[in-house]
Amino acid sequence: MLTEQEIASLAADLESFRVERKQSFTSAKSAIEEVICAFANDLPGMGETGVLLIGVHDKTGEPTGLEVTDQLLQQITGIRSDGAILPFPVMHVYKATLAGKDIVVVEVQPSHEPPVRLRGRVRIRVGPRRDTATRDEERILTERRRNWDGPFDQRPIRGSTLDELDLKLFEREFLPSAVAPEVLRENGRSIPEQLAALHLASPDAVPNVAGLLILGREPTTYLPGAYVQFLRVDGTELTDPIVDRKELSGPLPEVLRRMDEITSAHIHVATAVTGGPVERRSPDYPMAALQQLLRNAAIHRNYETSNAPLQWYWFSDRIEIHNPGGLFGRATPQTFGKPGGNDYRNPTVAAALYQLGFVQRFGMGVPLARKACKDNGNPEPEFILEPSTFGVIVKARA
């Protein structure tokens, strides 16, 4: 956190490349997002924290008298995880004082995972202005990741090649969802360059874990537990007769679609005709809740140190979903499912599925599942939080 003296010095330094000033938040949100994205990319490679001062005149460095409320701070902090900027920027937001008046300070650290995109565009600072990165500038940012020991899903899988990825899926679905149309039209980048720029391969054209999970034809070749085991039994115990059994593997987007198909096929919908103008349809499980919980399990499971699959059991009175890997990072039993209590074991996988439309809002899977169960008349889901495993039980609607 900067001292009051340091803030005053930055506000007065109108020529500095590491500071920007905005008079307000509401009228300048888009520009503020661009600043955060550009600071995170740190094209000059200075390695210094970028500072955004909100509530300060750009031309004079004087405070505007902005009213800094908790709601305003929450709105600005929300930029970090609303999915517009990916990978998530590392930023610190706080209220400070400049010449006796309140302002907001946003400190943005240079990303370990450039290039960082804002709605599909790589924003950078070129001298005192912001711009969209060219092909060569994106290459510079991509190559900067080489020596970084990041999350497991960013690690290259030595021995694998790009031939093991479904590149038609990449071109048909991923590129249009992750890169802005005008950038694609001007795109002279090769497929290896595009994969590296979107964090699905290393700068040396070696698929990483996220690349194999999202696009790999057979991810289990290198990640033995990267599949889903579905079992439906006619009863309440695993020893009861098996009704249906499936193993789902392949690119994660296809696996998620097949999970939706299975869920839809197995949900039982009771129909009641009550003499009213319309019949009443009551599913025994809410599709929205199961979709959220299954996708969460696939995104957040541990792919690194366990060969166990995602296990999905459908009993006559309940559904159980179990995945290897307990709570991660700042997620704890006390913060689980609450605002600000989420964290990402596989941030690149989460970002890719967000870009493909499988995740609508980060950190909302559990709250949405709870609400869907309540609205449908199901008991609240029961979560099993163990150090090495995570599970959830959804009971059927009475």
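The legends below describe an overview and several close-up views of a predicted model.

**Figure 1. Overall architecture of the chain.** The secondary structure of the predicted chain comprises 12 helices and 16 strands. Its radius of gyration is 24 Å, close to the 21 Å that the globule rule gives for 398 residues, so the chain is as compact as a globular protein of that length. The C-alpha trace spans about 75 × 50 × 45 Å along its principal axes. Of the 398 residues, 50% are buried. Among contacts with a separation of 6 or more, 65% are made by residues 24 or more positions apart.

Figure 2. Helix α9 is formed by residues 252-266, 15 residues in total. The distance from its first C-alpha to its last is 21 Å, close to the 21 Å expected at 1.5 Å a residue. The buried residues of α9 are Leu-252, Pro-253, Val-255, Leu-256, Met-259, Asp-260, Ile-262, Thr-263 and His-266. An α-helix has 3.6 residues a turn, so residues three or four places apart point the same way. Cover for the buried residues of α9 comes from elements including the helices α8 (209-215), α10 (287-300) and α11 (347-355). Strands also contribute to this cover, among them β9 (228-233), β10 (242-248) and β13 (310-314).

**Figure 3. The open four-stranded sheet and helix α4.** Four strands form an open sheet in the order β3-β6-β7-β8, with antiparallel pairing. Strands β3 (85-86) and β8 (129-132) lie at the edges, each pairing on one side only. Helix α4 (residues 135-143) packs on the sheet, where it touches β6, β7 (121-126) and β8. The direction of α4 makes about 95° with that of β7.

**Figure 4. Pairing of strands β3 and β6.** Strand β3 is joined by two bridges to β6 (residues 117-118), and the two strands run antiparallel. Within β6, Leu-118 is the bridge partner of Ile-85.

Figure 5. Glu-113 lies in the loop between β5 (101-108) and β6. Its relative accessibility is 11%, below the 20% cut-off, and therefore Glu-113 counts as buried. The C-alpha atom of Glu-113 is separated by 9.0 Å from that of Ala-40, although these residues are 73 residues apart along the chain.

Terms used. Residues are numbered from 1 along each chain as its sequence is written. This is a predicted model: local features need pLDDT of at least 70, side-chain atom pairs count only at pLDDT 80 or more; totals for chains, interfaces and linings use all residues. Side-chain values use heavy atoms; hydrogens and water are left out. The expected span of a helix is 1.5 Å times one less than its number of residues. Buried means under 20% relative accessible area, exposed over 50%, partly exposed in between (1.4 Å probe, protein chains only). Contact means heavy atoms within 4.5 Å. Two strands pair if DSSP finds at least two bridges between them. Axes are lines fitted to C-alpha atoms, for helices over the stretch in contact, and angles run from 0 to 180 degrees between N-to-C directions. The radius of gyration is taken over C-alpha atoms; the globule rule is 2.2 Å times the number of residues to the power 0.38.
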